[in-house]
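User: I'm new to this structure and would like a close look at its aromatic pairs. Could you start with the overall layout?
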Amino acid sequence: MNRSAFYASVRQRASGVFGTSLSQAQVEGCKAILDEAERRGTSVFHLAAILSEVYHETGGQMQPVKETVYANSKDRNPTDAAVIKRLDTAFAKGQLTWVKKPYWREGWFGRGLIQITHEANYRKLGLSKDTALVLSSSVRATFDGMEQGLFTDRKLSDYDYLVTRNPDVPGFKYYASRAIVNGDTAGNGAMIATYAKAFETGLSRPSTSQSPLSLTKCLFATLKRLCVSSIPSNPKSPRSSRRARSRPAAGSPLSSPSSQPF
């Protein structure tokens, strides 16, 4: 994986993610995910899907967060009581239309790179309220959850496919894969697909075995050969030699959640 090319790609304004710069926290979050993917041998498609979900679930922060904490939130680490109060207020105002029964009253609200809710889900992923906010633990849980179907019983391999027009070319159903984490595919699937394609583009940038310095040396060596080859090797006279020297050398050649009720 060419990480320099990856970061340059996702920093482009037109990429669809991040904008033109990444904070140190965003870089550290991406690095932890890329490291885990290399350790596991995760495919480009699956890694792009994981990055897109983390990007969406954290509002682009790429760090484990508590529910109600957005990229523009002033309080980056509110107390559990503060989070519960925010959720209660939003629920009372009818802003959490998808919630039938409050799940946060005992403190089991969303935490992590993927917002895990309910005590049983924390236990299933081997997390506590504290470890869900530790980057390394949250990265591990994210990969386990999406690979094994621990979030919604849907897993990454469910969305692999072969392109119909060319059976030898693999593809991935990013839109539908939102169901791995949450059933809100109709509302957020298109956004997830946009993020995933941006990450896939960055991850697919080719690596190079030559550094910029070695490429520069190679270019100068090529130019030198071209210049030398343009000078006659056996001039007939000083005048012809002068003409040869005066004659020109031959041809040289870089989101946030859709609503923030809190």
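User: In what order do the elements of the protein run from the N terminus on? And which rings pair up?

Analyst: Starting at the N terminus, the order is α-α-α-β-α-β-α-α-β-β-α-α-α, giving nine helices and four strands. Helices here are DSSP runs of H or I with at least four residues, strands runs of E with at least two, both numbered from the N terminus. A quick note: this is a predicted model, where local features need pLDDT of at least 70, side-chain atom pairs count only at pLDDT 80 or more, and totals for chains, interfaces and linings use all residues. Residues are numbered from 1 along each chain as its sequence is written, and side-chain values use heavy atoms, with hydrogens and water left out.

Now the rings. The whole structure holds eleven aromatic pairs (Phe, Tyr or Trp rings, the last by its six-membered ring, with centres within 6.5 Å; planes under 30 degrees apart are stacked, over 60 edge-to-face, the rest tilted). One of them joins F18 and F199 edge-to-face, at 6.0 Å centre to centre and 80 degrees between the planes. F18 sits in the loop between α1 (3-10) and α2 (24-40) and F199 in helix α7 (residues 185-203), so this pair ties together parts 181 residues apart in sequence. F18 is buried at 14% relative accessibility, and F199 is buried at 0% (buried is under 20% relative accessible area, exposed over 50%, partly exposed in between, with a 1.4 Å probe and protein chains only). Both rings also belong to a cluster that ring pairs build from F6, Y7, F18, Y55, Y195 and F199.
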